[in-house]
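The exercises below are meant for a reader who is meeting this structure for the first time. Please keep the sequence and the model at hand while working through each solution.

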Amino acid sequence: MTSKVHAGVSSREVPDVTASSAAITLAPSREGAETVRRTDRFAQRRVLASVLKWSPFAELLCAVMSVPDYMQCAEDHQTVLVVVQPVGIVPEDQFFRIYKRISSVNQVNVRDTQRALFIRYRHHYPPENNDWGDFQTHRKVVGLISVTSCTSAKEWPQTAERFHGQKELFGSTLYDSRLLVFGLQGDIAEQQRTDVAFYPSYDNCPDVEKRVEDFVESIFIVLESKRLDRATDKSGDKIPLLCVPFEKKDFVGLDTDSRHYKKRCQGRMRKHVGDLCLQAGMLQDALVHYHMAVELLRSVNDFLWLGAALEGLCSASVIFHYPGGTAGKSGARKPSISAATDTGKRHRPGAQEVLIDPGALTTSGISADTSSEIGRAKNCLSQEDIIEKYKEAISYYGKYKNAGVIELEACVKAVRVLAIQKRAMEASEFLQNAVYINLGQLSEEEKIQRYSVLSELYELIGFHRKSAFFKRVAAMQCVAPTIPDPGWKACYRLLLETLPGYSLSLDPKDFSKGTHRGWAAVQMRLLHELVYASRRMGNPGLSVRHLSFLLQTMLDFLSDQEKKEVTQSLENYTSKCPGGMNIITLPDGLKLPPVPFTKLPIVKSVSLLNLPASLRPHKVKGLPGQGVTSASPFIYSPITLHSRGDDRTKKIDFQWVQGDVCEVQLMVYNPMPFELRVENMGLLTSGVEFESLPAALSLPAESGLYPVTLVGVPRTAGNITVNGYHTSVFGVSSDCLLDSLVGVKSSGCTVVVVPSLPRLQLSTSLPRSARLCGEDLSSSVCLQLFNGETQQLVITLENIGSETLNTLELSSKTLTTKEKLFGDFLSWDLQDALSRLPLKPGQAVTVPVDIHAKLDFSGQENLLQDLNDDGISVTGLPISSPLRQVLKPRPENKQVNADSNKSEYNHVKTLEAVLSFRYSGGLGQVEGYYREISLGVKVDVEPSVFFTRVSTLPASRYPLRNQYP
């Protein structure tokens, strides 16, 4: 390899192509039955690339010699070149139908031989390229097939003249030609001609392939005759000197009788005969001629032709080792009969090139019998030697600036061989050398083609990121400033093809699987270029989708300023084309999945909330069949429990009610450095019909965890699953599923919705108060009573639901108390209320409740503590109770005010109770469900009588006489 081979490439070493470049349009040709004219070559190439579904750059493969044929491979050296072109005006669709049928005949087994002839078809080939046909015979056009439409005999003379004009373009190299005429009938069409075939229509031409096979066999006859003519010993005749176009002026005035000159002629002719043998299917003969040419040309330092001989030797060896071809699946070929025969003769690895016996050469240097050389040759090169010879050949090509195309194509061929051998690093050296080969001033089309093929070759050897780099350069070249009509569609299409190389996918699900892959900075740059190309294409929907993807997947890598700029751009785009959850299908069939904003805001937890206590449904106990499992006759089955383990982790242990507002709480976080406005935020559910009630919220910058409650109303009964939520942020509507949220804590997402039930609203004649401790009540009242006093509480129950109330029950529960209670604390009469049932929506009933407080205030030490000034014991005083109380002396240092307040506080006793109304109706009653609404009652009871002072009188002076005997 020459000094041009480098280990790697950086962006500095490749021509600088910026995103602002403007480019050529490589879109397929316009639809419809357009015509193909010979004078419009570029239109022809666009038509062919479209119909044959080739790469957009395949149309440039054989334009001029300054443009390499990047699709060439080593086995192309054994093919003969046939050009297929239209004559006059031919419908493009019909022409390509015939072209496909013709090109399907790419290998013909020659009759009466064991050899096969391989054909390479081209629809456009510059005649000036034939000047290189002696250097490498596979570049020479040896066959011409013309296709024309001729509907009348009057047009036939002009058509025939045009056909002859086409033949003159390649007249110096053509072996044979054919003209296929469609549409002409009559006397002319009935003439039997070998070079012209007449068909009534494009649909009625069954033997096209057979005629092409006959045509190929005629080419083989001419090829074989030329091979024998060049290889035959002609004593006394001088061997002509074969030249490449740029050499002719260099050999003017040379001594043609010198030994050096004769060896040069002999070596070049040997190499030329080797090419002909390879094309004629004589692989072993070609190997011998190439070996002999190498020795002769090396002795005279004819480096250009020495490189060609070495390349021919490599090509023949590649054909021998890889009969299936090196062009990949698209270029795979059947092994020829001779190649299959040679397979058993392969030598061991490490074989060297043939040893040439000078005695085997005639005076002219060309031996008619090569059997002795074949016997003494060690067959072809080994697989390792093939690459070494390719390196040597390329180094010789590199000495000539006019051989840049040959050098570049040799690099491409070597890369394809190395790709099969799985030697990626060596292949990359050849490609690196190809990058620096100077081909002069290339057009924009040629630059695009060059970078694209380099990308494909890097992909072939597994260098995916390097492949993506060159494909991106090609994309930017499509919009170069020097192009008057930039090809933004081609640029966009090529940018899409670079995504896998940068570990980038347009599916946001691939970014929620764990660690980020690839270089985020490069990925963001590429996404920005996709956004810009989409806008220049006039497709704002694509711009919104790519910009949304950038914001969603690269949020963690954006700076605060970049976040502001991206969101501003997104809002500008969505003002014209709002973003949604629809799948965007591109013209080539690629589908862009939707991008939900699961990070705007970030959701940390999701919790389904139970209904308020007064609205929770309860199941009636003891219903027939309740608690009985029909799936198993056993009371307990561990298998059943195990099989339902997943459901238990998902389901909630409470129920929602049809028609009632249900709530789901989300803990969200705003990661943006500015206030985030979220609109139309609601729930996504499945299972039952659900009406989501959207909400709007505004989250401060980097808010931390912030609770958000989303509500909705289930309209039918059954199992409902909360799948996620929907939002509208920056003009982009998103459906965010819980399964796609990373690190979200959820207590469950499935809940049972029971059939609809009535809904009561409770109001009282007394003002509401704080709720009782430890009780979940819908309402509470508080009042003060003296001991023994009774007060009536009027409770109003209004049906504010949509179902009729059919049943109503009332019960009470006195909360735990240490006080001794005499009589009923709460009493009521429910008959009047029940008589008004069923209670329709909007109607109300009243229930009077009597509150009677009767407690025992006796036995309280502090009751009489302040009544004794002298510390005298008072006995027999009926103070609220017949029990006796011993009064203790009051300490002298006791504070009167503090003790009086304490005494007053301790005089009050508290009673607490709960009134529970159980009611049901509607479809919920049929299913055995009811509701409870509870009212807390708190009563502060004070003594009815207080002793403010007790005075004692002295006893009588005279003792009482004993009145009893």
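**Exercise 1. Find which residues are linked by ring pairs into a cluster, and describe one of the pairs.**

The model is a predicted one, and the solution begins with the cluster itself, in which ring pairs link Trp-132, Phe-135, Phe-246, Trp-305 and Tyr-400. The structure as a whole holds 16 aromatic pairs. Stacked pairs have planes under 30 degrees apart and edge-to-face pairs over 60, with the rest counted as tilted.

Phe-95 counts as buried because its relative accessibility is 1%, and Tyr-99 counts as buried because its value is 2%. Trp-132 and Phe-135, by contrast in geometry, form an edge-to-face pair, with 5.9 Å from centre to centre and 85 degrees between the planes. Trp-132 and Phe-135 are also buried.

**Exercise 2. Which charged ends sit over the rings of Trp-519 and Tyr-929?**

Over the ring of Trp-519 sits the charged end of Arg-465, at 4.3 Å from the ring centre. Over the ring of Tyr-929 sits the charged end of Lys-619, at 4.5 Å from the centre.

**Exercise 3. Is Gln-421 buried or exposed, and what does Gln-421 touch?**

First locate the residue, which is found in the loop between helix 11 (404-420) and helix 12 (424-435). Its relative accessibility is 14%, and therefore Gln-421 counts as buried, the cut-off for that class being under 20%. Within the chain, the side chain of Gln-421 is joined to that of Arg-423 by a polar contact of 2.6 Å. If residues up to four places away in sequence are not counted, Gln-421 touches Tyr-322, Gln-383 and Ile-387.

**Exercise 4. Describe the open sheet of 6 strands, from its order to the helix that packs on it.**

The order of the strands is 4-5-2-6-7-8, and their pairing is mixed. At the edges are strand 4 (107-109) and strand 8 (196-199), each of which pairs on one side only. Neighbouring strands of the sheet are turned against each other by 25 degrees on average, with direction ignored.

Now look inside the sheet, where strand 2 (residues 79-87) and strand 6 (residues 141-149) run parallel and are joined by 7 bridges. Along this pairing, Gln-85 stands opposite Ser-146 in strand 6. Helix 4 (residues 208-231) packs on the sheet and touches strand 2, strand 4, strand 5 (116-122), strand 6, strand 7 (176-182) and strand 8, while its direction makes about 110 degrees with that of strand 5.

**Exercise 5. In what sense does strand 15 pair with strand 17 and with strand 19?**

Strand 15 (residues 676-686) pairs with strand 17 (residues 695-699) in the antiparallel sense, over 4 bridges, and here Arg-677 stands opposite Ser-698. Strand 15 pairs with strand 19 (residues 718-729) in the antiparallel sense as well, over 6 bridges, and in that pairing Leu-684 stands opposite Gly-724.

Key:
Residues are numbered from 1 along each chain as its sequence is written. This is a predicted model: local features need pLDDT of at least 70, side-chain atom pairs count only at pLDDT 80 or more; totals for chains, interfaces and linings use all residues. Side-chain values use heavy atoms; hydrogens and water are left out. Two strands pair if DSSP finds at least two bridges between them. Helices (H or I, at least four residues) and strands (E, at least two) are DSSP runs, numbered from the N terminus. Rings of Phe, Tyr and Trp (its six-membered ring) pair if their centres lie within 6.5 Å; planes under 30 degrees apart count as stacked, over 60 as edge-to-face and the rest as tilted. Buried means under 20% relative accessible area, exposed over 50%, partly exposed in between (1.4 Å probe, protein chains only). A charge sits over a ring if NZ of Lys or CZ of Arg is within 6 Å of the ring centre and within 35 degrees of the ring normal. A polar contact is a pair of N or O atoms within 3.5 Å; within protein, one must be able to donate a hydrogen and the other to accept it, and residues adjacent in sequence count only if both atoms are side-chain atoms. Contact means heavy atoms within 4.5 Å. Axes are lines fitted to C-alpha atoms, for helices over the stretch in contact, and angles run from 0 to 180 degrees between N-to-C directions.
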